[in-house]
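Me: Got a model open here and want to go through it with you. Can you take my questions one at a time?

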Amino acid sequence: MKQRTTGNIPQKGLTRSLDRRGTRSNMSPPVAQKQRAPEDPSVCDSCGSIYTAKTWRRNRPLPAKLINAAAWTICPACKQAKSGEYFGRVLVRGAKASANLDAIRSRIANVERRAEFTQPERRIVSSKWDGATLEVLTTSQKLAHRIARELQKAFGGRARYTWSDQDGALTAIWQGETRLPRT
Ligand SMILES: [Zn+2]
């Protein structure tokens with residue numbers, strides 16, 4: 001697997017990888033991929049997101065006159081979260097990470113909450129601490145990127161981004177210390 005690694009966002013790489021279809025063994029379509037549009041309006045049976053005017057939105061009440069007309073479905077984010085599919089991965093490492101784990105976790109939860117308000121398809125799929133690394137999987141590359149950037153802003157240190165040439169998934173590594181070890 002070929003990978004590009006850089007401290008900055010490779011703009012070209014990002015554009016390219018967004019065009020790329022995710023390849024997963026179960027062949028379920030990634031969020032970035034075009035899918036057959038649901039009926040307008042539709043309501044997600046799992047999270048309550050509303051689909052109308054070609055967009056899924058959360059926390060937006062459906063006008064009363066439309067409720068009876070709305071179709072029930074499962075939104076792309078819920079489908080994806082259920083299948084465990086992810087296109088972003090954040091790795092939080094270093095002594096500063098374990099010392100500030102609670103603060104880091106609540107900061108990450110904040111980023112997700114803000115993202116899901118306007119873009120419910122951007123979600124955290126899972127979050128796992130193994131004693132040395134906190135691994136956060138997200139449905140979108142952009143959310144992973146935003147999380148790493150927020151951690152850098154709040155706690156300092158450095159973030160590094162790696163795009164997989166294979167499926168366009170983004171791995172963002174944030175380390176509280178200024179020097180990143182070679183991996
Ligand atoms: Zn949903």
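Me: Where is the place of Pro41?
Reply: Pro41 is in the loop between α1 (11-19) and β2 (42-44). Helices here are DSSP runs of H or I with at least four residues, strands are runs of E with at least two, and both are numbered from the N terminus.

Me: And what is the peptide bond from Asp40 to Pro41, cis or trans?
Reply: The bond is cis, with omega near 0 degrees.

Me: Ground rules before we go on?
Reply: This is a predicted model, where local features need pLDDT of at least 70 and side-chain atom pairs count only at pLDDT 80 or more, while totals for chains, interfaces and linings use all residues. Residues are numbered from 1 along each chain as its sequence is written, and side-chain values use heavy atoms, with hydrogens and water left out.

Me: On to the metal. Which protein donors does the zinc ion have?
Reply: Cys44 (SG), Cys47 (SG), Cys75 (SG) and Cys78 (SG), lying 2.3 Å from the zinc ion. Donors are N, O and S atoms within 2.8 Å of the metal (3.2 Å for Na, K and Ca); water is not among the atoms, so sites may look incomplete.

Me: Why is the arrangement around the zinc ion called tetrahedral?
Reply: The 4 donor atoms subtend angles of 105 to 113 degrees, so the arrangement is tetrahedral. That label needs four donors with all angles between 85 and 135 degrees. Ideal angles for four tetrahedral donors are 109.5 degrees.

Me: How are the donor residues spaced in sequence?
Reply: The spacing is C-x2-C-x27-C-x2-C.

Me: Is Cys44 buried or exposed?
Reply: Cys44 is buried, at 1% relative accessible area. Buried means under 20%, exposed over 50%, partly exposed in between (1.4 Å probe, protein chains only). Cys75 is buried at 2%. Cys78 is buried at 8%, and Cys47 is buried at 19%.

Me: How many disulfides does the structure hold?
Reply: The count is 0. A disulfide would be a pair of cysteine sulfur atoms within 2.5 Å.

Me: Sheet next. What is the order of the 4 strands?
Reply: The order is β4-β3-β2-β5, in an open sheet with mixed pairing. β4 and β5 (71-73) stand at the edges with a single partner strand each, so one side of each has no neighbour in the sheet. The twist averages 30 degrees from one strand to the next. Two strands pair if DSSP finds at least two bridges between them.

Me: How many bridges join β2 to β5?
Reply: There are 3, and the two strands run parallel. Val43 stands opposite Trp72 in β5.

Me: What is phi of Ala53?
Reply: Near 50 degrees, a positive value in a residue other than glycine. Ala53 lies in the loop between β3 (50-52) and β4 (55-57), and is exposed at 58%. Lys54 lies in the loop between β3 and β4 too. Its phi is near 70 degrees, also positive, and Lys54 is exposed at 76%.

Me: Last one. How many aromatic pairs are there?
Reply: The count is 2. In one of them, the rings of Tyr51 and Trp56 have centres 5.3 Å apart and planes at 55 degrees, so the pair is tilted. Rings of Phe, Tyr and Trp (its six-membered ring) pair if their centres lie within 6.5 Å; planes under 30 degrees apart are stacked, over 60 edge-to-face, and the rest tilted. Tyr51 is buried at 9%, and Trp56 is buried at 10%.

Methods. Axes fitted to C-alpha atoms, helices over the stretch in contact; angles between N-to-C directions. Tetrahedral: all angles 85-135°; square planar, octahedral: opposite > 155°, others 65-115°.
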